[in-house]
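This briefing walks through selected side chains, ring pairs and sulfur links in one protein. Please keep the sequence and the 3D view open beside the text while reading.

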Amino acid sequence: MLSLSRGCRARRRHRPCPLLLLSALLWAPALVAFNLDEEKLTVYSGPPGSYFGYSVDFYIPDPSTVSVLVGAPKANTTQPDIVEGGAVYYCAWPATRCRQIPFDNTNNRKIKVNGTREPIEFKTNQWFGATVKAHKEKVVACAPLYHWRTLKDSPEKDPVGTCYVAIQNFSAYAEYSPCRNSNADPEGQGFCQAGFSLDFYKNGDLIVGGPGSFYWQGQVITASIVDIIANYSFKDILRKLAREKQTGVAPPSYDDNYMGKLISMSVSNMFYVLSVVFYFQMASYFGYTVAVSDVNNDGLDDILVGAPLFMEREFESKPKEVGQVYLYLQESAFLFQDAQILTGTEVFGRFGSAITHLGDLNQDGYNDIAIGAPFAGEDRRGKVLIYNGYSNGLNTNPSQVLNGAWASQSMPSGFGFTLRGDSDVDKNDYPDLIVGAFGAGKAVVYRARPVVTVTAQLILNPMIVNPDNKTCLLPGSQLLVACFTVRVCADFEGQSISDGIVLKSELQLDSLKQKGAVKRILFFDYHQSHHYFSIVIERQKQLHCQDFLVYLRVTILAYN
């Protein structure tokens with residue numbers, strides 16, 4: 001846009017007029033949204049009612065291969081007499097077909113009790129696939145509601161949970177049930193639900209959460225995958241691993257009174273609690289989900305904590321359940337700043353139900369974060385909000401919002417209930433994102449598109465225009481006008497961008513004038529105040545310029 005100063009129109013004496021404003025709009029036609037592609041999706045579907053999409057992860061056994069793992073904790077399998085035991089699916093990319101992974105094909109184990117063979121374990125409705133994680137060629141999936149009877153005559157059964165490990169491209173399997181023992185009870189590990197949460201250390205060792213141990217104090221268990229495989233025996237179901245580590249019973253001083261808390265821990269020969277961060281709204285589910293990412297690029301990991309049931313109490317009589325996410329920036333080793341808070345905007349949207357580290361989605365040098373609000377949006381379709389990192393944390397406004405495509409039927413689709421990022425399925429050097437929608441039985445892969453950084457310059461020659469210096473003859477007339485040159489220059493750069501690019505551009509003159517008003521400056525060849533054109537740049541960081549001749553309307557030089 002280009003405009004003349006108001007003072008130049010009012011003055012009686014002829015004086016040069018400075019050109020105040022000029023701008024051009026430049027855009028690359030491939031970049032419609034920023035910057036996860038919402039049009040070219042890969043959508044995987046599972047059996048109806050199986051909760052396919054309840055858990056997701058990337059499977060990268062080697063640098064050249066990337067596929068998708070999807071948990072379906074209510075799926076049926078070929079296990080005899082087991083109903084809705086749950087399954088995990090292997091989904092190749094870019095194909096959209098998935099197949100069940102045969103972690104366990106067996107029925108319930110049985111023992112003789114008073115001369116009768118009775119099941120000692122119960123796999124029906126065990127929710128296998130509620131969690132699934134991969135680390136290189138290793139895959140672990142868990143059934144936190146797996147029940148164990150113990151070896152006693154008592155018919156009681158306890159939800160101790162169990163997990164299965166797959167290695168060597170799903171050619172070898174082993175079970176790992178760290179809370180299964182001969183003396184299960186609530187004050188011990190009877191309600192452990194091992195595998196309710198699950199992850200890997202960077203070295204490939206396994207971390208398993210058991211929230212129900214010790215009357216719901218919970219515990220964390222670690223083990224080596226190598227030890228699990230080497231010591232596995234189908235018959236010896238109570239075997240313990242020599243190098244396994246487990247947290248024990250905590251004293252009453254650690255009771256959180258349902259407030260929720262975050263504990264940072266270090267593991268060497270044993271567990272050490274290094275710092276504790278409390279949040280003080282009862283039943284907000286603070287700590288329901290936790291993610292780690294260096295969002296401000298200072299070399300220290302930061303922690304994000306979700307509280308999806310947080311209630312906003314602007315009016316005490318009408319609290320709104322909107323959910324919150326807390327970002328704790330790490331200043332030095334295990335010393336964190338006060339939380340930066342992101343708050344959901346939709347009542348019952350469950351903002352903060354899922355949080356994932358995306359990696360540097362837009363290639364600006366800072367890691368980005370995705371946050372799920374699985375019951376937000378029109379018809380409770382669910383949303384995923386993308387937040388970009390910067391030097392002071394996270395931008396408070398999302399750069400992109402992904403909307404679920406499946407309306408609530410008998411239950412909401414749950415789009416955004418589970419998320420997984422920071423892997424590149426299409427090998428374009430940008431991280432991609434998986435979104436689970438278990439209520440609809442879907443898992444969606446969003447691919448990140450390359451980001452083009454365009455630098456534009458606008459140069460006026462001359463910078464000062466004298467209205468009386470009429471040196472340009474308008475085509476098809478004998479009218480001389482004052483004219484000057486507008487030069488538009490641009491270059492670009494970006495990761496995984498082709499050498500040649502075409503920028504669709506628009507140059508507007510005098511755009512500050514009200515709609516319908518007479519424009520004072522026009523393009524010499526078109527007699528219009530705006531012009532659309534293309535800038536062809538053959539390689540990155542090569543400045544390309546185009547010149548446009550513009551002129552002043554004679555009518556604007558009338559004086560009072």
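Phenylalanine 417 has a relative accessible area of 16%, so this residue is buried, where buried means under 20% relative accessible area, exposed means over 50% and partly exposed lies in between, using a 1.4 Å probe and protein chains only. The model is predicted, so local features need pLDDT of at least 70 and side-chain atom pairs count only at pLDDT 80 or more, while totals for chains, interfaces and linings use all residues. Residues are numbered from 1 along each chain as its sequence is written, and side-chain values use heavy atoms, with hydrogens and water left out.

**Aromatic rings**

- A search of the whole structure finds 22 aromatic pairs; rings of Phe, Tyr and Trp (its six-membered ring) pair if their centres lie within 6.5 Å, and planes under 30 degrees apart count as stacked, over 60 as edge-to-face and the rest as tilted.
- One of these is the tilted pair of tyrosine 54 and phenylalanine 417, with 5.0 Å from centre to centre and 45° between the planes.
- Tyrosine 54 lies in the loop between β4 (42-45) and β5 (55-62) and phenylalanine 417 in the loop between β35 (400-403) and β36 (418-423), so the pair ties together parts that are 363 residues apart in sequence; strands are DSSP runs (E, at least two residues) and helices are DSSP runs of H or I with at least four residues, numbered from the N terminus.
- The rings of phenylalanine 286 and tyrosine 326 are edge-to-face because their planes stand at 65°, with the centres 5.4 Å apart, and both residues are buried.
- Tyr51, Tyr54, Trp127, Phe417 and Phe438 form one aromatic cluster.

**Charges over rings**

- The charged end of lysine 74 sits over the ring of tyrosine 51, 5.6 Å from its centre, which requires NZ of Lys or CZ of Arg to be within 6 Å of the ring centre and within 35 degrees of the ring normal.
- The charged end of lysine 157 sits over the ring of phenylalanine 122, at 4.4 Å from its centre.

**Arginine 109**

- Arginine 109, in the loop between β8 (98-100) and β9 (110-113), is buried because its relative accessible area is 11%.
- Its side chain makes a polar contact of 3.0 Å with the side chain of glutamate 175; a polar contact is a pair of N or O atoms within 3.5 Å, where, within protein, one must be able to donate a hydrogen and the other to accept it, and residues adjacent in sequence count only if both atoms are side-chain atoms.
- The side chain of arginine 109 also reaches the backbone oxygen of phenylalanine 234 at 3.2 Å.

**Disulfides**

- The count comes to 5 disulfides, a disulfide being a pair of cysteine sulfur atoms within 2.5 Å.
- Cysteine 142 and cysteine 163 are joined with an S to S distance of 2.0 Å, and the torsion about their S-S bond is about 100°, so the disulfide is right-handed.
- Cysteine 179 and cysteine 192 form a disulfide with sulfur atoms 2.1 Å apart; each lies in the loop between β16 (172-176) and β17 (197-200), so the pair ties together parts that are 13 residues apart in sequence.
- Cysteine 489 is joined to cysteine 545 at an S to S distance of 2.0 Å; cysteine 489 is buried at 2% relative accessibility, whereas cysteine 545 is partly exposed, with a relative accessible area of 32%.
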